[in-house]
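Student: Please take a close look at a single part of this model and describe its surroundings in one connected account.

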Amino acid sequence: MRPRPGIYYFPWEVSAGQVPEGDALRTFGRLCSYDLTQSRVTLTAQHRSDQHQILVCTKLVEPFQAQIGSLYTVLGELERQEDGGSVVKARVLTCVEGMNLPLLEQAIREQRLYLQERDRGQ
């Protein structure tokens, strides 16, 4: 059985706990740290005046060439941790440096509108 494709969530939605545990998700952020010993990456994203962080488990995608400061997209499942935080278990972690971030955000909003309208029509 194939895993679900993953719904796009903004990094601030993931860090605020708005994603249900176990759900397949897609999100993005700048790689700010990589802990090879724990197979953990921290992605950050700026939204308005706030800086948001997402913890990503990289066990399934290693080895990979970590480029600190570069923009990444991640596809994986969200898991809650014992300390109350959450971690995205990455199935795919792709460097997308050079991608137009405002256009990506606009595309996510447009996709959500389309899916809402489609679901209302059914």
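Tutor: Leaving aside neighbours within four places in sequence, Thr 42 is in contact (heavy atoms within 4.5 Å) with Arg 30, Leu 31, Cys 32, Ser 33, Gln 53, Ile 54 and Leu 55. The model is predicted, so local features need pLDDT of at least 70 and side-chain atom pairs count only at pLDDT 80 or more, while totals for chains, interfaces and linings use all residues. Residues are numbered from 1 along each chain as its sequence is written, and side-chain values use heavy atoms, with hydrogens and water left out.

Thr 42 belongs to strand 3, residues 40-47; strands (E, at least two residues) are DSSP runs, numbered from the N terminus. Because its relative accessibility is 14%, Thr 42 counts as buried, a term that means under 20% relative accessible area with a 1.4 Å probe, protein chains only. Val 56 lies 14 residues from Thr 42 in sequence, and their C-alpha atoms are 6.1 Å apart.

Turning to strand 5, residues 71-80, seven of its 10 residues are buried. Strand 5 runs antiparallel to strand 2 (residues 24-35), and seven bridges join them; two strands pair if DSSP finds at least two bridges between them. Within this pairing, Tyr 72 of strand 5 is the bridge partner of Gly 29. Strand 5 is also joined to strand 6 (residues 86-95) by nine bridges, again antiparallel, and here Val 74 stands opposite Leu 93 of strand 6. The hairpin of strand 5 and strand 6 has five residues between the strands, and in this hairpin Gly 84 takes a positive phi near 95 degrees.

Methods:
Helices (H or I, at least four residues) and strands (E, at least two) are DSSP runs, numbered from the N terminus. Buried means under 20% relative accessible area, exposed over 50%, partly exposed in between (1.4 Å probe, protein chains only).
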